[in-house]
Amino acid sequence: VTHFVLLLGLCFVLGGLAVAYNPSLYSGEVGLVLASIVGSGWLLSLGISFMSLVLSMVYLGGMSVDCVYSFSLVADSFQNWGIGCDGVGLV
């Protein structure tokens, strides 16, 4: 049991490092999900089930929505914010 808790702690730290040191947003999101799942499992193995549920709801619910919004902004490199070049040509 002790080895399992230590393994979960190591995976949690590695997931946090994956979020911090990856230049790609996609790899950072994978690290965030890994850290969230492992952190929830770590708290669950220590007997803190309510905090495990709160951690998974906050990270996987709230933070993933922000990352998906960022992905959509990055994926569309030529965004049209309304007026743009076509509107200037009409004027």
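## Annotated region

UniProt, in an unreviewed entry, lists residues 30–55 as "transmembrane region". Such annotations may be inferred rather than shown by experiment. Over residues 30–55 the chain is 88% helix and 0% strand. The end C-alpha atoms of that stretch are 16 Å apart.

This is a predicted model, where local features need pLDDT of at least 70 and side-chain atom pairs count only at pLDDT 80 or more, while totals for chains, interfaces and linings use all residues. Residues are numbered from 1 along each chain, and side-chain values use heavy atoms, without hydrogens or water.

## Aromatic pair

A search of the whole structure finds one aromatic pair (ring centres within 6.5 Å). Phenylalanine 12 and tryptophan 42 form it, 5.9 Å centre to centre. Their planes stand at 50°, a tilted pair (under 30 degrees is stacked, over 60 edge-to-face, the rest tilted).

Phenylalanine 12 lies in helix α1 (residues 2–21) and tryptophan 42 in helix α2 (residues 25–45), so the pair ties together parts 30 residues apart in sequence. Helices here are DSSP runs of H or I, at least four residues long. Phenylalanine 12 is partly exposed at 30% relative accessibility. Tryptophan 42 is also partly exposed, at 29% (buried is under 20%, exposed over 50%, partly exposed in between, with a 1.4 Å probe).

## Nonpolar patch

Phe4, Leu7, Leu10, Val13, Leu14, Leu17 and Tyr21 make a nonpolar surface patch of about 740 Å². Patch residues have over 30% relative accessible area and no salt bridge, with nonpolar side chains joined within 5 Å. A salt bridge puts a Lys or Arg side-chain nitrogen within 4 Å of an Asp or Glu carboxyl oxygen.

Leucine 14 lies in helix α1. Its relative accessible area is 48%, partly exposed.

Conventions
Phe/Tyr/Trp six-rings, centres within 6.5 Å; stacked < 30°, edge-to-face > 60°. Helix = DSSP H or I, 4+ residues; strand = E, 2+ residues; numbered from the N terminus. Patch = residues over 30% accessible without salt bridge, like charges linked within 9 Å, V, L, I, M, F, W, Y side chains within 5 Å. Areas by Shrake-Rupley, 256 points an atom, 1.4 Å probe, with all protein chains shown as cover.
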